[in-house]
Amino acid sequence: MKINLIQPKKPHSFADRFTTLIDEKGSKRFFQPPPGLAFLAGLSPGTEIKITDENIEEINFDEKVDLVGISLAFTYLAPRGYEIADEFRKRGVKVVIGGIHATVMPEEAKEHCDSVVIGEAELVWSELLTDFKHKALKNFYKSSGYPDLSRSPLPRKDLLKLDHYAMDPIQTSRGCPHYCSFCVATRIYGERYRFKSLQTVLSEVKASKTKFIDFADDNIAADRRRFKELLKALIPLNIRWQSDAPVYL
């Protein structure tokens, strides 16, 4: 089975203004690769997988693939994501759509695909692949709980063209204990704060090929004691990093 996991191209004006930078050599680089797709690939051992980020390469719609997965991590990706899904389905290829936008708007997403993954994929992706092999895809796959990050596989970053990006995304936690009206984090990932061990995080940082890390957490400082331990452990690694945290820190 061959799977193509696709990150749709960002709108031109948005991509240029907010998601790219010019490096010291004058080359334009996107801030980060699609971390969710690399992680999804890590959940698929024994499967032939490629990751296509349309921001840096064209999609080959005529390539022979069995299944296409499209990530709608943000709403601004939905229009192009639906176009991609419709194009593959015209060619008889099964399409799965997931991500934050699909989780919030699953019925809308279903109009353009064969299955929608609602929420986090860890607890349902294996079932989806098994159903696909038996030609019995369900319309929706929704986890009954929240996965334990300490058991999560490492993302398949070997499938990413990392030289096109300015930073390396590493997720240390998911979830947030707050219910801010403007934020979708609690709705998607729950109020329970889940995290990887400090040792696992540091191993990923040390293995990174860049010195600029994006800690792709919903709220990296939700547990202040853990956050301080992480900061102290990062000092000797001499890296630059960014993440999201509340302003009250």
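## Exercises on selected residues

Apart from neighbours within four places in sequence, Arg174 is in contact with Phe39, Glu120, Glu122, Pro147, Leu149, Tyr189, Arg192, Tyr193, Arg194 and Asp218, where contact means heavy atoms within 4.5 Å. The model is predicted, so local features need pLDDT of at least 70 and side-chain atom pairs count only at pLDDT 80 or more, while totals for chains, interfaces and linings use all residues. Residues are numbered from 1 along each chain as its sequence is written, and side-chain values use heavy atoms, with hydrogens and water left out.

**Exercise 1.** Determine where Arg174 lies, whether it is buried or exposed, and which side chains its own side chain meets in polar contacts.

*Solution.* 
Step 1. Arg174 belongs to strand 10, residues 173–174. Helices (H or I, at least four residues) and strands (E, at least two) are DSSP runs, numbered from the N terminus.
Step 2. The relative accessible area of Arg174 is 5%, so this residue is buried. Buried means under 20% relative accessible area, exposed over 50%, and partly exposed in between, with a 1.4 Å probe and protein chains only.
Step 3. The Arg174 side chain makes a polar contact with the side chain of Glu120 at 2.4 Å, and another with that of Glu122 at 2.8 Å. A polar contact is a pair of N or O atoms within 3.5 Å; within protein, one must be able to donate a hydrogen and the other to accept it, and residues adjacent in sequence count only if both atoms are side-chain atoms.

**Exercise 2.** Describe the phi angle of Lys135 and that of Asn238, and state where each residue is placed.

*Solution.* 
Step 1. Lys135 is not a glycine, yet its phi is positive, near 55°. Lys135 sits in the loop between helix 6 (125–133) and strand 8 (140–142), and is exposed because its relative accessibility is 80%.
Step 2. Asn238, also a residue other than glycine, has a positive phi of about 55°. The loop that holds Asn238 runs between helix 9 (224–234) and strand 13 (240–242). Asn238 is exposed because its relative accessibility is 64%.

**Exercise 3.** State how many disulfides the structure holds, and examine Cys180.

*Solution.* 
Step 1. There are 0 disulfides, a disulfide being a pair of cysteine sulfur atoms within 2.5 Å.
Step 2. Cys180 is in no disulfide, and the nearest cysteine sulfur, that of Cys183, is 6.2 Å away.
Step 3. Cys180 is partly exposed at 36% relative accessible area, and Cys183 is partly exposed at 41%.
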